[in-house]
Amino acid sequence: MAPSGINHLSQPCIYGDVGSSYAERKSRFMRWLCKLFKSGSDRGGGSGSSRHPQLVGEENMAWRAPVRSLDDRARSQKDKEDLERAIALSLAEDSKRSNGYRWRTDDDDDISREIRDALNPNPYPPFAPTPYYPSRCGRICGGCKRDIGYGNYLGCMGTFFHPECFCCRACGYPITEHEFSLSGRDPYHKSCFKELNHPKCEVCHQFIPTNAAGLIEYRCHPFWTQKYCPSHEHDNTARCCSCERLESWNARFYSLEDGRSLCLECMESAIMDTGDCQPLYHSIRDFYEGMNMRLDQQIPMLLVERQALNEAIVGEKNGLHHMPETRGLCLSEEQTVTSIRKRPRIGGHRLVGMRTQPQKLIRRCEVTAILVLYGLPRLLTGAILAHELMHGWLRLKGYHNLNPEVEEGICQVLSHMWLETEVMPVDKSMPSTSAASSSSSSSSSKKGVKSDVENKLGEFFLHQIAHDASLAYGGGYRAAQVAVNNYGLRSTLDHIRLTGNFPL
């Protein structure tokens, strides 16, 4: 069994003296070499081969091979044969010393290599391998976070990507077009970016076109934030007579018989005839009574069409009317008015079959009747009634010849206060503008819980009063509101009676 300290290598074994040392073997080889060199010099004469210059560059090296004659090649072949003979003789001499065998060691390889290098020097320098550099200088893909490797790659915003990893943030598919859009550091297909960021018209549902200057120009409702193409203001697109929103192409409005349009949300709580409006009218009279502003006279209230209201305005001598369309009127003259007797029915997207009747209004006091447009949502109808009832209260209490800004302003304050009791939560810490909230809360609770749609409409009507741009209605309301907040409603009314103006 072989000793445990020996490495078993897959090399051929040779026979010889196990105990011969490395120096002894090297000495014998060198003696053979001397004999060979001596015989080689006798055959070859004193001529030696010439060296050729090496051409070295910074990155590449080109070596010029030495020119050899036929004699040189023959002599080289002869030297090689002598070398092989010398090695064979040396091995035979080792085999005669003692019987046995040994493994070939690394020393044998070194001696053999030295002999071969001495007798057959390589005329060419060793090949200088090309330095290895990490792929793409260590570039990491910004998508998959792996090494990019060799092949095509993309660079964007100081980051590199595999072509399949440069994907749209919206759809997730690779961006292969020559042009793309950026939002921050997120790439998008141009079509995806337009779909996400280019505003769409909420009427025709198309991308809003650019104007002559290349800018996106659109209209936007200040409360509903409905964006639409400017062209829809002039192409006969229907607008809701209540909330002012434009009709969308995928949600048809209802058409009233007097030419107005009503959206689906406003239609949910619309009041269509005089009988339906009576409970609301009485609840608003209760609201006034709760603020110690009782109306002793029974003032008739009628729901009318647009044409009947416009005719009544023409027959009225006094009063300021809100343009572009008046939705309520406090009559002080005797007239014959056509009112809505029976509500219309729905026929497709039209309200048809409405019944009307003429009614002679006789003047029994300073106020003949209150007229309101039919087909409006309950909260808007109530706000109009609260406004017109204040006109009636002022006339019945002797407030004559008031400035339009003062009269319309204080009427708008009462309308706003009633809407607050319907929409806003009751807060007893509020100032005197909501002094009637506690007394009217009972009447409000009888109507049940309103839907989110109706509450949103109420917020819009409040916004409409507060941001009215007209001098009498908008400017008058804001001036009256300041006075009521500072001095209270009753003190403000007393000051108006004495001076005709709001207290400063």
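Before going on, a word on what we're looking at. This is a predicted model, where local features need pLDDT of at least 70 and side-chain atom pairs count only at pLDDT 80 or more, while totals for chains, interfaces and linings use all residues. Residues are numbered from 1 along each chain as its sequence is written, and side-chain values use heavy atoms, with hydrogens and water left out.

Back to K342, which sits in strand β16. Helices (H or I, at least four residues) and strands (E, at least two) are DSSP runs, numbered from the N terminus. Which residues does K342 touch, leaving aside its neighbours within four places in sequence? Those are D273, M354 and R355, where contact means heavy atoms within 4.5 Å. And then there's G275: 67 residues away from K342 in sequence, with the two 8.1 Å apart in space, C-alpha to C-alpha.

Zooming out for a moment. The protein chain has 13 helices and 21 strands. Of its 504 residues, 39% count as buried. Take the contacts between residues at least 6 apart in sequence, and 59% of them join residues at least 24 apart. The accessible surface of the chain is about 29700 Å², and 51% of that belongs to carbon and sulfur atoms; these areas come from the Shrake-Rupley method with a 1.4 Å probe, and for residues only the protein chains shown count as cover.

Now to helix α7, residues 306–315. Which of its residues are buried? They are A308, L309, A312 and I313. Seen down the axis of α7, these buried residues fall within an arc of 140°, so they line one face of the helix; the arc is that of the directions from the helix axis to the C-beta atoms. On the other side of α7 you'll find Q307 and V314, both exposed. And what do the buried residues of α7 pack against? Four strands: β14 (301–304), β15 (328–331), β20 (369–373) and our friend β16 (335–342).

Let's stay with β14. M301 and L303 point one way from this strand, L302 and V304 point the other way, and all are buried. β14 runs parallel to β20, joined to it by four bridges; two strands pair if DSSP finds at least two bridges between them. In that pairing, L303 stands opposite V372 of β20.

Last topic: salt bridges. The rule is a side-chain nitrogen of Lys or Arg within 4 Å of a carboxyl oxygen of Asp or Glu, and the count comes to 14. One of them joins the side chains of E195 and K200, at 3.1 Å, N to O. E195 is partly exposed at 47%, and K200 is partly exposed at 35%. Another links R252 with E247 at 3.4 Å, N to O. Then R294 meets E289 at 3.0 Å, N to O. Salt bridges that share partners also join E217, R219 and E233 into one network.

That's the tour, so over to you.

Definitions and conventions: Buried means under 20% relative accessible area, exposed over 50%, partly exposed in between (1.4 Å probe, protein chains only).
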